[in-house]
Amino acid sequence: MSVAGSIHLHVDGQAVEVPAGSNVAAAIARVAPHFRRSCTGQPRAPLCGMGVCFECRVAIDGVDLLRACVTPARDGMQVHTDA
């Protein structure tokens, strides 16, 4: 359970705390500079920050291909990147 005003979740098994109202991309940015790798192996991170570019796709609670920049962070989330 989080203290009022903060959210606790896990990114690739690492505990992360972010302010309430943060998106998943903000939580990932606390622990990793990249979210995933392209099909050619290049590191990728969010570009647009508004859900248009799809560069921030991650798995959240077992659901693949969710956009981290438009997904609100929730307590207890399990986020997996492939970076």
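Visitor: Which residues have the most contacts inside the largest nonpolar core?

Guide: Leu9, Ile28, Ala68 and Val79 have the most contacts inside that core, which has 19 residues. Keep in mind that this is a predicted model.

Visitor: And which elements each supply at least two residues of this core?

Guide: Strands E1 and E2 do, along with helix H1 (24-29) and strand E5 (57-60). H1 gives the most to the core, with four residues.

Visitor: Okay, back to Ala68. What does Ala68 touch, not counting residues up to four places away in sequence?

Guide: Quite a list: Asn23, Val24, Ala25, Ile28, Phe35, Cys56 and Val58. Ile28 is also among the residues with the most contacts inside the core.

Visitor: Let's zoom out. How many helices and strands does the protein chain have?

Guide: The secondary structure comes to one helix and seven strands. Starting from the N terminus, the order is β-β-α-β-β-β-β-β.

Visitor: How does the chain's radius of gyration look next to the globule rule?

Guide: The chain's radius of gyration is 12 Å, close to the 12 Å the rule gives for 83 residues, so the chain is as compact as a globular protein of that length. Along the principal axes, the C-alpha atoms fill a box of roughly 40 × 25 × 20 Å.

Visitor: What share of the residues counts as buried?

Guide: That would be 35% of the 83 residues.

Visitor: New topic: where is Asp12?

Guide: Asp12 sits in the loop between strand E1 (6-11) and strand E2 (14-19).

Visitor: Why is Asp12 called partly exposed?

Guide: Because its relative accessible area is 39%, and partly exposed covers values between the buried limit of under 20% and the exposed limit of over 50%.

Visitor: Who is Asp12 in contact with, leaving aside neighbours within four places in sequence?

Guide: Asp12 is in contact with Val79, His80 and Thr81. With Thr81 there's a polar contact of 2.5 Å between the two side chains.

Visitor: How far is Asp12 from Ala59 in space, C-alpha to C-alpha?

Guide: The distance is 9.9 Å, while in sequence Asp12 and Ala59 are 47 residues apart.

Key:
Residues numbered from 1 in each chain as written. Predicted model: local features only at pLDDT ≥ 70, side-chain atom pairs only at ≥ 80, totals over all residues. Heavy atoms only, no water. Buried < 20%, exposed > 50% of the residue type's maximum accessible area, 1.4 Å probe, protein only. Contact = heavy atoms within 4.5 Å. Polar contact = N/O pair within 3.5 Å; in protein donor to acceptor, adjacent residues only side chain to side chain. Core = buried A, V, L, I, M, F, W, Y, C linked by side-chain atoms within 4.5 Å. Rg over C-alpha atoms; globule rule 2.2 N^0.38 Å.
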